[in-house]
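Reader: I am new to this structure. Please take one part and walk me through it closely, then show me what lies around it.

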Amino acid sequence: MTESNARISKAVVPAAGLGTRFLPATKATPKEMLPVVDKPAIQYVVEEAVAAGLSDVLMVTGRNKRPLEDHFDRNYELEQALSRKGDEARLARVQESSDLATMHYVRQGDPRGLGHAVLCAAPHVGNEPFAVLLGDDLIDPRDPLLARMVDVQEREGGSVIALMEVAPEQIHLYGSAAVETTGEDDVVRVTGLVEKPAPADAPSNYAVIGRYVLDPAIFGILRQTEPGRGGEIQLTDALQKLTEDEKVGGPVHGVVFKGRRYDTGDRGDYLRAIVRLACEREDLGPDFRAWLRSYVTEEM
């Protein structure tokens, strides 16, 4: 457990997954680079971290993930071509990703689960609390979940996880949290966690979604965590250990999120995210909504 609640500045983004649900598109293209309208999903995630004040971003990658590094790097040839054309609008959009944050990269090597991916960040993070953002979960910037989680962690210490109420029949897709109420409507005390339980075995319908603010004590626990569900080192299992002994890494709290979330790891939700975000764009929305209404009317 950290001796003091240092201001959080580092974010870890695990991005080593194979993206098998999107094959064959992800055979040669990282799933994190699939566009959501005209911007790759991973850029939304990095933008969220920066908006919450976390300007130091470590991306945990794997083989065939070089396009992620290229996206957040400068592309001088493209920039010069746009500059010569006087296309300042597109030039600004190209430069936006390379100017977002201080980016770092480490390879996970063997795909041994989310817990192992987080453990790969230990040398970079050191003895500081840090955030973890999963690339499949996009949180609408109008609903600042991560900033709220950072505030709770800096006040309470320990770790904070993001929770969302789901239908009981959906809880087997998530980690499930046992919780106790606090004096705040959107904050609960987490007393236990189970990874992807059967509905009958779930302690609640509070599902863990892809945002965490963690005490660095999690690294020591992850080093001792045996592979769990799916033969992988589960972050949920390590967090369960934290809930059992507050002396190890402080309390575990949950922020209950009721805002807009887009799951780009599921093909159907990925398409719905594109439609929703395109409809809300000032440059695309009016024409796209008109076409969508016409299309739905014809199909119905």
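This is a predicted model: local features need pLDDT of at least 70, side-chain atom pairs count only at pLDDT 80 or more; totals for chains, interfaces and linings use all residues.

Author: Ala41, Ile42, Gln43, Tyr44, Val45, Val46, Glu47, Glu48 and Ala49 are buried here. Glycine 53 follows α1. The phi of glycine 53 is positive, near 90°.

Now turn to the pocket beside this helix. The second largest pocket has a volume of about 490 Å³. It is lined by 23 residues. Closest to its centre are Tyr44, Glu47, Ile139, Asp140 and Pro141. Tyr44 and Glu47 are also among the buried residues of α1. Two or more lining residues come from each of α1, β7, α7 and α11 (267-280). Which element gives the most to this lining? That is α1, with 4 residues. By class, the lining has 13 nonpolar and 10 charged residues, and no polar ones.

Next, follow the chain between two of those elements. Aspartate 143 sits in the loop between β7 (137-139) and α7 (145-156). Is aspartate 143 buried or exposed? It is buried, because its relative accessible area is 16%, under the 20% cut-off. Beyond its neighbours within four places in sequence, aspartate 143 is in contact with Phe257, Gly259 and Arg260.

Now the largest pocket. Its volume is about 1400 Å³. It has 45 lining residues. Arg21, Lys31, Leu134, Asp136 and Lys196 lie nearest its centre. The elements giving two or more residues to this lining are α5 (114-119), β11 (206-214), α9 and β13 (261-263). β11 gives the most, with 4 residues. The lining divides into 16 nonpolar, 15 polar and 14 charged residues.

One of those elements, α9, also packs against another helix. Helix α8 covers residues 217-224, and helix α9 covers residues 235-244. Their axes come within 9 Å and cross at roughly 120°. The crossing is right-handed. On the α8 side, the contact uses Ile218, Ile221 and Leu222. These meet Leu235, Ala238, Leu239, Lys241 and Leu242 in α9. The contact has 7 nonpolar residues, 1 charged residue and no polar ones.

Methods. Residues are numbered from 1 along each chain as its sequence is written. Side-chain values use heavy atoms; hydrogens and water are left out. Buried means under 20% relative accessible area, exposed over 50%, partly exposed in between (1.4 Å probe, protein chains only). Contact means heavy atoms within 4.5 Å. Axes are lines fitted to C-alpha atoms, for helices over the stretch in contact, and angles run from 0 to 180 degrees between N-to-C directions. A crossing is left-handed if the near helix is turned anticlockwise from the far one by less than a right angle, and right-handed if clockwise. Ala, Val, Leu, Ile, Met, Phe, Trp, Tyr, Cys and Pro count as nonpolar, Asp, Glu, Lys and Arg as charged, and the others, Gly among them, as polar. On a 1 Å grid over the protein atoms alone, a cavity is a set of points where a 1.4 Å probe fits but cannot get out, and a pocket is an open set with protein on both sides within 12 Å along at least five of seven lines; lining residues have an atom within 4 Å of a point. Grid points are joined across faces, edges and corners, and a volume is the space filled by probe spheres set on the points.
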